[in-house]
Amino acid sequence: MPRFFPLLQSCVLAAFLAGSAVLPLLGLPSGRLAVEKRPLAAVPPLSQAWSDPAGYGPALAGAVRDGAPFRDHLIRANSRLRLALFRESPVPGVLVGRHGWLFYTNEWALDDFLNVLPLSEKDLAAMVRIQVERRDWLAARGIGYLVVFAPNKATVYPEEMPEGIAPLGPASRLDRLVPRLREAGLAVVDLRGALAGAKATRRAYQKTDTHWNGWGAFCGAAAIIEAVSGLRPGLPALRASEYAVREEDRPGGDLAEMLLLPDVWREVDWVPHKTTPVLARPAPDGPYPDPADHPERERRAYETDRTDWPRLLFFHDSFARPMAGFLAERSSRSVFLWSHAFSPGIIEAEKPDVVILETVERYVYALLLENPDPVRRSGGPAVGEAPCGGDGGSGDGAR
């Protein structure tokens with residue numbers, strides 16, 4: 001090896017590390033693509049080297065990694081190469097399925113599909129107790145209660161999972177939980193049936209995202225409105241004939257973003273557009289803090305002129321967000337709060353006719369969030385079967 005070679009290596013390394021600071025000074029792009037949903041690590045102040053020497057090194061290393069020139073371009077090149085040559089995901093949390101489908105594997109989503117997640121008898125009993133407490137507290141105030149489960153993407157499209165990946169157990173957590181809730185008289189909207197019906201008409205989930213597409217969201221909303229009409233008779237169904245469903249090309253969803261390839265791995269969405277007059281309009285927020293307290297999860301409120309329709313209050317996760325506009329079309333006032341925590345104060349402020357708890361399948365442990373003291377103390381016997389029809393308001397089939 002020539003004697004100058006180590007010096008050359010050191011110079012190249014120093015130039016690379018300094019690139020993130022030098023390139024902007026020269027008016028050149030640093031290569032950041034701004035698709036990662038997180039703040040970039042900042043260079044720590046030099047004073048931290050003395051005040052917190054153990055933390056200074058990792059903080060500086062994080063800043064160097066995030067500020068490396070052409071970092072995102074190199075990651076994208078690695079992603080495209082591994083996908084093209086080996087059909088494998090270079091990113092933990094993303095699974096490459098068949099026919100261009102991507103699946104989410106974090107937050108126990110893959111374990112859910114494999115049916116290997118335990119759901120103990122203790123957990124089942126606690127979930128039933130907590131939800132019955134809520135139902136009874138609401139019923140004492142003349143308010144209906146629905147528990148809604150949105151299925152994981154792999155539950156609805158198991159045929160698009162990679163070859164060789166199949167459930168290892170006979171029953172999923174929802175298979176065990178839903179019957180127990182219904183046996184306790186709770187009104188449950190299990191959207192697995194509704195989404196199976198939706199996919200028979202057109203694709204109901206996004207290929208490049210963890211969530212359903214516009215068509216899937218509409219069919220889920222239609223099933224929820226059907227269940228609400230069982231609690232508040234006279235509410236008209238949410239009909240597909242009121243909408244024109246159009247294909248819309250757009251950048252890839254959150255899974256494509258995790259690969260840093262949303263512009264390459266694009267999405268064809270199916271979006272319902274109202275063909276009859278839009279009834280819902282944005283409404284003022286209620287007089288209470290937003291429980292989400294997050295800029296991307298802000299509450300939403302809608303109103304219509306149909307004062308004879310019910311007031312709806314939703315506690316939910318990300319799956320309810322694309323349903324909000326459809327659900328608002330069948331209420332006098334509807335409020336959507338990105339939180340699974342039961343809040344008596346908000347309920348008393350909004351005075352809804354029906355409270356809906358929506359959770360995606362992989363978040364079923366949200367049903368273990370304990371109730372506040374006023375709800376736990378209410379106790380009392382069960383109020384009986386909620387009036388959601390003969391099957392407990394399953395919402396099966398697309399309407």
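Student: What makes the stretch that holds Leu8 a helix, and which helix is it?

Tutor: Leu8 sits in helix H1, residues 5-25. Helices here are DSSP runs (H or I, at least four residues), strands are DSSP runs too (E, at least two), and both are numbered from the N terminus. This is a predicted model, where local features need pLDDT of at least 70 and side-chain atom pairs count only at pLDDT 80 or more, while totals for chains, interfaces and linings use all residues. Residues are numbered from 1 along each chain as its sequence is written, and side-chain values use heavy atoms, with hydrogens and water left out.

Student: Why is Leu8 called partly exposed?

Tutor: Buried means under 20% relative accessible area, exposed means over 50%, and partly exposed is in between (1.4 Å probe, protein chains only). Leu8 has 41% relative accessibility, so Leu8 counts as partly exposed.

Student: How do you know that Arg129 and Glu133 form a salt bridge?

Tutor: A salt bridge needs a side-chain nitrogen of Lys or Arg within 4 Å of a carboxyl oxygen of Asp or Glu. For Arg129 and Glu133 the N to O value is 3.1 Å, and their side chains meet in a salt bridge. They are four residues apart in helix H6 (residues 121-139), which means about one helical turn separates them.

Student: Why is Asp249 called exposed?

Tutor: Asp249 has 52% relative accessibility, so Asp249 counts as exposed. Asp249 forms a salt bridge with Arg266, the closest N and O atoms being 2.8 Å apart.

Student: What makes a group of residues a nonpolar core, and how many residues has the largest one?

Tutor: A nonpolar core is a set of buried Ala, Val, Leu, Ile, Met, Phe, Trp, Tyr and Cys residues joined through side-chain atoms within 4.5 Å. The largest has 53 residues, and Leu146, Leu195, Tyr205 and Trp212 have the most contacts inside it. Helix H10 (residues 214-231) gives this core its largest share, twelve residues.
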